[in-house]
Each structure stands twice: as structure tokens, then as C-alpha cells.
Amino acid sequence: MPEPKIVAYACTYCSYPGADLAGTLRIQYSPHVNIIRVLCSGRVSPELILRTFREGADGVLVLGCHYGDCHFVSGNHRTVKRVAVLRRILEYAGIEPERLRLEWVSASEGERFARIVDEFTETIRGLTPIEQVLA
Amino acid sequence: MSTDILDFVTRKVDTKFGEEVTPDLSVLRTCIQCGTCSASCPTAYAMDYTPRQLWKLIQLGLKDEVVNSRTFWLCTTCKACTVRCPRGIELTQTMLMLKEYAVKEGLEVPEGIGILRETVTTKHNISGDENESRLIWAENLERRPEGIEGKKGAQVLYFVGCVSAFYPQAYSIPQSLVQILDSTGASFTTMGGQEWCCGYPLYGAGMKDAVAELAEHNVERVQELGPTKLVTTCPSCYYTWTHLYPEFVQLPDELEIVHATEYLAQLLDEGGIELGSVERVVTYHDPCDLGRKSGVYDAPRAILKSIPGLEFREMPNSGENAMCCGGGGDVEISDREVTGQVGVLRMQQVEETGASAVVSACQQCKRTLLTGARQAKIRIRAMDISELVWESMRNAESQQAGDMKP
Amino acid sequence: MVSVGQHENIEILSHSEVEEVAGFVGNFKIKVRRKARYVTEDLCTGCGLCQEKCPAKKILSEFDAGLGTRTAIYLPFAQAIPRIPVIDRDNCRYFEEGKCGICAKLCPRGAVDFEQEDEFVELEVGTILVTTGFDLFDCSRVSQYGYGTYDNVLSSLQLERLLDASGPTRGKIVTRDGREPESIAIVHCVGSRDKNYNRHCSRVCCMYSLKLAHLIKDATNAEVYEFYIDMRTGGKGYEEFYERLQEEGVIFVRGRPAEVVPHDGRLVVKAEDANLGRLLQVPVDMVILSAGLEPRRGAQDVAHVFGLSRSADGFFLERHPKLGPVETASNGVFIAGACQSPKDIPDTVAQAGAAAAAAMVMMDRGRVTLEPSVAQANVRLCSGCGECVVACPYSALQLVEGHVEVDETLCKGCGVCVGHCRSKAITLLHFTDEQLLAEMQGALRVLEVA
Amino acid sequence: MSDRPSRIGVFVCHCGTNIAGKVDVEAVARYAAELPGVVTAETYQYMCSDPGQDLVKEQIRELGLNRVVVASCSPLMHELTFRRACEEAGLNPFHFQMANIREQVSWVTEDPEEATEKAKRAVAAAVSRVARHEPLHVKEVPVLPAALVVGAGIAGIEAALRIADSGKKVYLVEREPSIGGHMAQLYKTFPTLDCSA
């Protein structure tokens, strides 16, 4: 089985520095995740997520600030609703909704970031590669 | 000793032993040697290594020193060290795992511990008496309640426990509870001779593996009788049913397991029992298995506060900070003298409150404290809360009868 | 303190809280709530007559850590700045019962005003410094030490108040029943280095405990025991001070006490001397708990108002532990002092200086550059649904003649509007769909190559 | 969209052994050189150092680069450094993209081969993105010469005094009725053992 391909969209004030902190702390985690920085998780549009699957990502992580901690006040509230709807759409389209996950990671949660990536990678490993699903 | 040290200097620390005797060696490694555990421990004074020293020995992989120590055999599993440990290390669990290790590896164990397994597995109780005689205490009751033994369909099943069933000092506990149940018209029964030891003494002696068979038997009996509530007066039985049995067996979904104090507090709350005046100053001793290990602190206090005429005084060491009576963790079997000494210390604390009686909610605490009082020549009664409630109920009856007279 | 009160460039807004921060670096708009004092600041001369005659005299003084009392209209302490009293509504007879008003009658300037209400002021500033400090750990949470239960178990702050010549005992260290203690135990790490409360080391307690031991030795003949886990004396002259205390005869016990219990009218501290491996029961007359420092209650709200993050311990997060120790994730907002992490006075002063310098650099330059990543609207694609207007956290978008328009001065570039727009009418510069898609494709394509 | 074809330069940093100790930086550079639009791909010990930045500037001028990717540490650390370098060499600073192969690759990946592969993906992503970067211009806004200091304990008082001394207006907001914070409650303070107020 090929290694899973995962894309993580991480917000610039919480989750991206959280990922950096995992590095500063030298926490080792699964290397199959590709982190893409956005300013706020609210920027991650449904289209971007769907395109990411279409381009061959087996899993998509959207990482934002904890509730109430969003640098952009309430940007992440929007993300919650959007991801919930998208998961239903994915399911409808025959794509396992667990391929899309939204998590909160603060700038101080290096350990949490690494744990989420590892857990998510394990979940994705248990699924058929997306190319076969979409084929 | 000096060669050991030289040996240690040249040897790489073997972590295998450490991994086997503690739930998570990486957490034990964070010990900062502050000694809070030792100073919290009721029996540390009698140990060859203090608990703190034991953790250091485990960290360094000095297995021989650890397994030849009597430290863990003197652990009453009271959990005082664990709740206070600033690093959150599962210290009590480590003590238990050390006992398990010693038993499993066939190392030398205290004499009584060796006999314990034999007794419990063949006789199904800790005293070695005939199990059929479990209801011997019921023979002195003024009125033996109907259906006290093995009544199918009873709502409440009273799980009596070995100590109450076989040790005369504790007979009055089941006697009191049964009479309370009877007088409230509750539909209740016991397993009688079909009740087997819950398994806690084996668990406390490092033989957790032997608990499964007992658990299966007891749960099968419960299923036969079909109660919706299981009541225990023994906090250890309570702990075993609520915390250990789920590891071995599937408990019936509809079965609610409560300690007698919770049951009585609820009855009181609902107005199901009437209490009469008991003019007495008492203090309350929290049993470790009920308090720190099961989190039941309020129910017994609520009961005490609702008895008219009773003056309740807390000891400085109460609630989460309660001192163990010394009777836990099979220490009485390993070293009766240590249990006795701790009992004396606890009774001295009782004495400082000026109470004329110490109330507990555990037959073992009652026994240990009674013995402690006798040894220290302290004239203070040790009684179980069920006994006090029954006394108070009878007083209510006689006071009412008195009121009726012209 | 005095120089702050007198400085012509400093305006003190005491008894006030920041409610709202709008705008952005260089031009923040601040809304401050000036809580009602019930004393008109401009009229009050600070003569103190009101305080003298107030009939409610038994209120425990916060300043004296509950050891002394104060009145309902009160100056928190003698040297308070501004020297204007405040009325504590909850304990004032006028507010409680509707009568009294003695202070108002006596005030020669008519400064007492029971009708006063909270007021709001708007400020415009270029930079913000958050220096909200810490809370002292509430020792009663460690129930085994008996704080709040036993009279002579005191917090370190309470001992400070006893030592103060203007404090509740006029500088005398005495037990609650007025005796001079023969022996005193100081317990380190209360609420610190403990997973049950705070994992972090509060950093200042070892040194202030040593200081307290020294002051006790100065003021009494008491035997002093210090119970510690590790003695942390990193700092200029700190280890030397420790050595001096050892010479002064303070008894150091390496062991964290398990509990404090009363016995024979005294207190017994139980610990293991970890160096000896011996269990100790030390009888003393007074126990001092060296309380740790923790994030202020309400730090979450402060973080929210100023756009700060907090680290796992709850203190405010600096932008970078080495490269940006006073900067934060919010441009133009700086932090200093114990709100960032526990620290002692020299370090606090140093960090405050650094934060001031960083803010001054920004103000001296007089200009600041902003990231150009703002939203841009394409009028032709906009359907005018208004979803983005609702979604924007900064009210930077509005519908003009059925089409969305972006106010670039308000836009902070979060892109929530882009994520929300169904007709792709909004673009976020430097984070365009095309750019993000390209980045994602680049990351995924390579997997196939590899 | 820029009308000229992309001429991208990729600069892979060793960061001493921080990156090169795990990631095969030469392999990453060789790989990058093959990516569309890439004109040159080089490695250097410390890209953020002056000689490292000079290398970037030199290549921009000599090879006529119009896009730059630096694969090194987190952009939160050095994005501004390299944007400035690009600008100094005459490039729009936003024609730059950073690939984070330290915090998010070399420091967090156990296996060197996997780390190298992940670094390649990060570089490919950055190259792909930078080709679509557009010239942008930073906005400048004035900074009001006034500061808000929130909390009047030691830190607040000290900071307020310093800023005020430089001639700027300071608003010192304090929740309590008096300034002073905890400090006012302390008797004598270490290390000088003098009074605190």
C-alpha cells in the first residue's frame, strides 16, 4: 500500500506556529503530511478542500485556533459549520467523511499537533487510497 | 553493598524491571524525590526503604534491593501518596504491581500472603470457615427477615462481605443494615452461602489474576437473583465491584452498585427513615476504599449531620487527607504489628477531637480502630455508620412510643 | 510610584478596564470603562475624613491579605495613587440599606456622589503594552496544609503584611493570639511544580522564601525551617544570599511536607528529609506557605480583547521565546512582566524596559508597514448575497449598490470572506485560490515523482 | 500575473547540521533544479547569514531571477529577512516564498530518506506557488505617538515611565483603585532588601 498523502491547512497565528513548536521540541511525527499556511482557517474554502481531494490527497486536515482564541475573532466559527457540511457532502459522494478533519491547535500545542497528525495518518492508512475511490 | 555500587557505575540501567512494575516508567522517571509520598504514608516508618527511596531504586534498575524490600508489603494501598504526588505518579498502583511481580516470579512473600490464595480459592472466603455459615450473624436477630437468603426478584441485594460474615467484632454491621432494610419494608436479600469473597484481598496481595473466577461466580449469582441494586457495607467490596469487576466480567446493565452510606443517605433524603436522638459526640473516619479511592465523602457526613442530638466533629486528617486505619492492603496479614500501631495513631487523632465514638463505614476500619483503642487504652467506641443509624432509628421508635403515653 | 503620578506625560486611569480594542497597529481605538468610584476625582483632596467616619469598619482588607480591616469608603493603602478613596458598594450601608451617607455629609468638597455611574472613554494610541501581572496561588486549595483552617498557617503575602511597619501588626510577627513564635516553617512550592495545580516552577518563591527567613530572623528569635524540593537560586548574587541564610542558622530540609496538622496547640509539619531518608515531624508555631504565581483570573478575556495567545500554563505567549520575547502575535501589542511568565522584580523591570523600547521604536519611526494581503472584490462576479458581509469579523465589507466593497483600512486579511463567497468574487492577495492550489498541487505531485 | 516566464532560483539551507544532518540537501537541490521554471538550485551553510543573503542577491542579478524560493527554517522566523534581500536585489519582495524544511521537516522526521522526500515536496510546493506570485506593495500607516499600558504593577509602571520620559503620551489603565499591584504589598524586596513603594 502506498504511503498516504495528506494536506494540512494551518492558520498562521495558532496552528502553524503550533507545528513549528513540535519541531522546536523535536517531537517526531508521521512525515506524510504537507503543511500549507493560510492566514485563518476561515480562508479554507469548500472548493479548496474538494480540489485537494481531487488532486490526490487521501486526507485533508484543517487546523485552526481554539474557540475564543482565534486571532481573527470568529474566523474559526465559520470553519466549523463549513467542515460539517462538507463532510456530509463527501459522504454523499461516496468519500469517507473521516478523510476530512477539523482540529484546533494553539501556538503552544506542539505535542497536540504531532499527536493529531499521527492519529489522522493512522485513520487514513486504514482507508483505500483516494485514487482508487475516485477512479 | 560497595561492590553493588561499583557494579552500578559500570552497568547500563536495565529498564525492563522498571517497565514491569509500574504502569508507566516514563512517568515514574519524573519523580523529583520530594518525599511527599513517604511523609504521607501511614506505614513508611516501618519500611526498610521509604517509598521515595524505592522509586529511586526502580529508576536505577536496582531490582534486587527493590524485590527484597518489605516496603511494598507494608503498603496499605490507602492512596494518600498518589493523590498528593506533585508529578502525578501512580504510586499505589506501582506498589500493587510490585506485589504482583513478587508473586508471579515466585519470590519470597510474607507467610500469610502465601496461605491467602489457598484459603480464598478453596473456601471462597478469607477466614477459611465453611462458606455455608456466612449468615451466622443473622441467627441473633430478633426477627430473621423473610427471604434473607437467596430470594429471587428482590430489588436490593446486600453483598455482606467476608469480614462482616466471619469476624464477630463486625457482626453488628450486617445485623444493623438488615434490620434497617427490613424496617423500611425494602425488598431485599443476600446470597447467603452462595456469596464468594469479592476478591479484593487477593488483588491487594498481588494476585489480581485470581479475581476473575470469583467475579464470574458472584456476577452469575446476581444474574440469577436479578436485583436492580447491589448494596455493600464493605468499601473494599464496593471498590472491587465498581472498579475491578468491569475488567473481568460484564456487569448487568440495570444493576446499580451503591455503598450502604449512599443507600442510607438517599433513603434519608427521600424521607424513608426516621431518626431519633442520639446524644453523643462523634468523629468520622473515612475508609480509604470509600473516600480517596471511590470519592464518597459526602454521603456519610450527610447521614451524621441528620441525626438529632449528635455532635459531629471533623478530625484534622479527614476527607481526602484522612489517615488510613492501617488495616488496608493485606498489611494485617503481612505484619499484624504495623496495622496495630497505625490503628493506635489513628485513635490518638480521634481522641484529640474529644469525641466519645469514632464512626466509620467499613468493618475493617472498625476492627482496626477497636484494636487500636484497646492497645492504647483509649476509651472511645469505634462503630459503623449502619449501627449508628439503626440505633438512631430505634430511638425514634421508642421516643414516639414515649410520646404516645399519656 | 510617585513619579508615575507626577509625570506630565502619564495619564492614570485607575479603577478602569479596557473593554474593546479596535483598529490596528499604529492606530488602535481603545474603549475604557471607568468604573464608578462614587467619589468625584476632581473634587477629592484625599483628606481622609470620610474614611475616618465610615461606620463599616470590619471589612477584611484585600491589601493586608485579610489580616487587617478597612472601611467601606477607603483608600486601599496609605500611599495609594491616586490618593482618592473608592466606595465598596457591597459593604456600604448607603447602598445596602439606603441610609447612612455619613461620608457624603462630612466631605468638605462634596466629592462623594452615590449617583455616579460607570463611564466610558475612548483613547487613540499607536502601541499597546499588556502588563497585567499574576495572581497569587490560593493556598486553601492544598487542603493538607490547612490554610484557611488553622489560624497560624499563613500565605507568604500575609507574612509580608505582618512584617510591614504600617501593616496590621505594625511590623510584629505574632501568632493570631498575639504570641511571638518560637519556630516557623516555610513551605516552598505551594501550588507550583505540582500537576494537581500548576506544573510550572514559579521561579520567585525560593528567593522570596529566603528573604522572608532573613526578615524573620531579623525581627524575632524564632527558629526557621525551610522545606524545599530543590533550591533554585539562579541570578546575580542569589546563591550568595542562600549561603548567607545558611550562615544565619536557618534550618534547611530537603523534603516537601505531606501535611500540616495541629497538635497540642501548635502545628506539626510532616515531611521526609530526603537527604537522610528520615521521616520528620517538626512542631512549629507558624507555617508560611510560599504561594506560587499563576495566570490572572480573566487572562482569557484579556487575551481575547488584545488578540493574544496563551501558552499551556495560561500565561500570555510571546511571539518567539528568543527572537520576540516582548512581541506578540498581534502587531503593535507587547507584553512584559509576570503576565508572560513568573519572574522576579529585576527581570520584570528589564522586560518592561525591553517592551517599552520595542514600542518606542515603532512610535519613533512614526510609520509601520502592513502586510498587503487584503481582500479584493470583483464587482462583476459579486451576486450581492451579503454572506461575506455577515462573515467578516472586522466589518470591513459592505454592500454598495448590490455589490460588495472592501474597506482596506479595516481588512486584516483573514480571508474568511473568501472562504464564504460562493461566486468567487473575493480574492485575498498573496493567498489567492490560484496560489494555494498551486502550492497544494506542488506538494502532492511530488509524491508521485518520489 | 506576471507576463514574463518564471525564472526561479531555489536556495536550500543546511542550517549547519540542523537541516543537513537529516535532510540530503544536495539531493533536494538537484531535484529542485528539475522543477518547471527553476533556473538554479543551490545549497549553502547558513542562508540567513550575510554571505547567504549575498548569494541570493548575486544570483538574482546575475541570472535575472524573477522568483526566489528559500528552503530553510520557518517563515515566521526569516520570511522578512529574505523578502528584504530580494528587495535589495531589485525584486518585488513578494516574489519570494519560503519552504519550511527545519521546524516542519528535519526536526520532526525520524528517517533521513523520508525527511528528504518531505523536504522535496515542500520545495516543490513553494516553487509551484511562487510562479504565481504577483508583485505587491506594502502599505504604510502612521503610528500615533501614544501608548496604552494595561496594568500598573512593576512592569506597567516601569514601561510607562520609560515611554513617557521619551516624550510620548502614556495612558496607564489599572483595574484596581490604586496603582502599584502586588509590589505595593511587599515589605522589603530582594535583592536590595529595601522598601518597594
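This is a predicted model: local features need pLDDT of at least 70, side-chain atom pairs count only at pLDDT 80 or more; totals for chains, interfaces and linings use all residues.
Residues are numbered from 1 along each chain as its sequence is written, and chains are lettered from A in the order in which they are written. Local features need pLDDT of at least 70, and side-chain atom pairs count only at pLDDT 80 or more, while totals for chains, interfaces and linings use all residues.

**Exercise 1**

Describe how chain A meets chain C.

*Solution*

Step 1. Start with contact, meaning heavy atoms within 4.5 Å. Chain A brings 34 residues and chain C brings 38.

Step 2. Look for salt bridges (a side-chain nitrogen of Lys or Arg within 4 Å of a carboxyl oxygen of Asp or Glu). There are two between these chains. Glu47(A) and Lys424(C) form a salt bridge through their side chains, at 3.3 Å from N to O.

Step 3. Locate the touching side of chain A. The elements that give it two or more residues are β1 (6-11), β2 (33-38), α2 (46-54) and α3 (75-92). Helices (H or I, at least four residues) and strands (E, at least two) are DSSP runs, numbered from the N terminus.

**Exercise 2**

Find which residues touch the most other members of the largest nonpolar core.

*Solution*

Step 1. A nonpolar core joins buried Ala, Val, Leu, Ile, Met, Phe, Trp, Tyr and Cys residues through side-chain atoms within 4.5 Å. Buried means under 20% relative accessible area (1.4 Å probe, protein chains only).

Step 2. Read off the residues. The core has 104 members, and those touching the most others are Trp55(B), Ile58(B), Trp137(B), Trp241(B), Tyr245(B) and Val389(B).

Step 3. Take Trp241(B). Leaving aside neighbours within four places in sequence, its contacts include Phe159(B), Val222(B) and Leu255(B).

Definitions and conventions: Side-chain values use heavy atoms; hydrogens and water are left out. Buried means under 20% relative accessible area, exposed over 50%, partly exposed in between (1.4 Å probe, protein chains only).
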